[in-house]
Amino acid sequence: MKNVAVIIILLQSFQGINAQNVFTKTQEFFVTTKIMDQGKQHPSYVINLVSNREDINTISTLILEDTELFEDIFISTLENPGLEGISKVIKMEIEYLACCAHVEAYYYIIKDDLSIVALPNLKNVYCENSDTDYQYIFPNQEYGIKGNILETQTFYNEETADVKYINLKQNFIWKDKIIEDLKTTAITSY
């Protein structure tokens, strides 16, 4: 009986460790919105991604032009992504709804010196039978590679949410605290 309890505790510990390698919802960052030209039927919004911390102010400012279909903004973070000199990565997803959900994902790397590096944004379209999305994978995540930030297209099994395979679209090397673009395309996993 004691062996079963030890095995359960070990499995839960491994699940907790694995859960740390995913983006999780956060209250550390939030969005402020300012409406432009309020006389228009669908005015533009100025969106500021802001930190609750005193040592970091505004992380990013974006202008949303297509506010008629704008639905919501989601913010999540990845702690300790496995890159030297990086404390966390922020992902801000802006969702638009029409017949399908259109999601623009913005990734911001926070360096140990509190400076911020923005990665190129990614766009996803989720319709009824969507089985793929674009995302960045960092070294401490599943399929991650040491010292690399991978822009990937992930394909999922139709019946389950399991990964079918991952297609590498772009490879960024984190070297000497800067990002180097390698411009490669390859299949990394089946």
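Which residue forms a salt bridge with Glu 28, the closest N and O atoms being 2.5 Å apart? The partner is Lys 88.

The model is predicted. Its protein chain holds 1 helix and 14 strands. Of the 190 residues, 39% are buried. The chain exposes about 11700 Å², and carbon and sulfur atoms supply 51% of that area. Now consider contacts between residues at least 6 apart in sequence. Among these, 35% join residues at least 24 apart.

Back to the charges. Side chains of opposite charge can pair when their charged atoms come close. A search of the whole structure finds 3 salt bridges. Besides the pair with Lys 88, Glu 28 forms a salt bridge with Arg 53, with the closest N and O atoms 3.7 Å apart. Arg 53 lies in the loop between strand 3 (45-51) and strand 4 (58-64), and Glu 28 in the loop between strand 1 (24-25) and strand 2 (29-35), so this pair ties together parts that are 25 residues apart in sequence. Arg 53 has 31% relative accessibility, so this residue counts as partly exposed.

Lys 88 also meets Glu 79 in a salt bridge, at 3.3 Å from N to O. How do these two partners compare in burial, buried or partly exposed? Lys 88 has a relative accessible area of 7%, so this residue is buried. Glu 79 reaches 36% and is therefore partly exposed. Shared partners join Glu 28, Arg 53, Glu 79 and Lys 88 into one network of salt bridges.

Next, the strands beside these loops. Strands of a sheet pair through backbone hydrogen bonds, either parallel or antiparallel. Here, an open sheet of 3 strands runs in the order 2-3-4, with antiparallel pairing. Strand 2 and strand 4 stand at the edges, each with a single partner strand, so one side of each has no neighbour in the sheet. On average, neighbouring strands of this sheet are turned by 20° against each other, direction ignored.

Look at strand 2 and strand 3 in detail. They pair in the antiparallel sense over 7 bridges. Within this pairing, Phe 29 stands opposite Ser 51 of strand 3.

Notes:
Residues numbered from 1 in each chain as written. Predicted model: local features only at pLDDT ≥ 70, side-chain atom pairs only at ≥ 80, totals over all residues. Heavy atoms only, no water. Helix = DSSP H or I, 4+ residues; strand = E, 2+ residues; numbered from the N terminus. Buried < 20%, exposed > 50% of the residue type's maximum accessible area, 1.4 Å probe, protein only. Contact = heavy atoms within 4.5 Å. Areas by Shrake-Rupley, 256 points an atom, 1.4 Å probe, with all protein chains shown as cover. Salt bridge = Lys/Arg side-chain N within 4 Å of Asp/Glu carboxyl O. Pairing = 2+ DSSP bridges. Axes fitted to C-alpha atoms, helices over the stretch in contact; angles between N-to-C directions.
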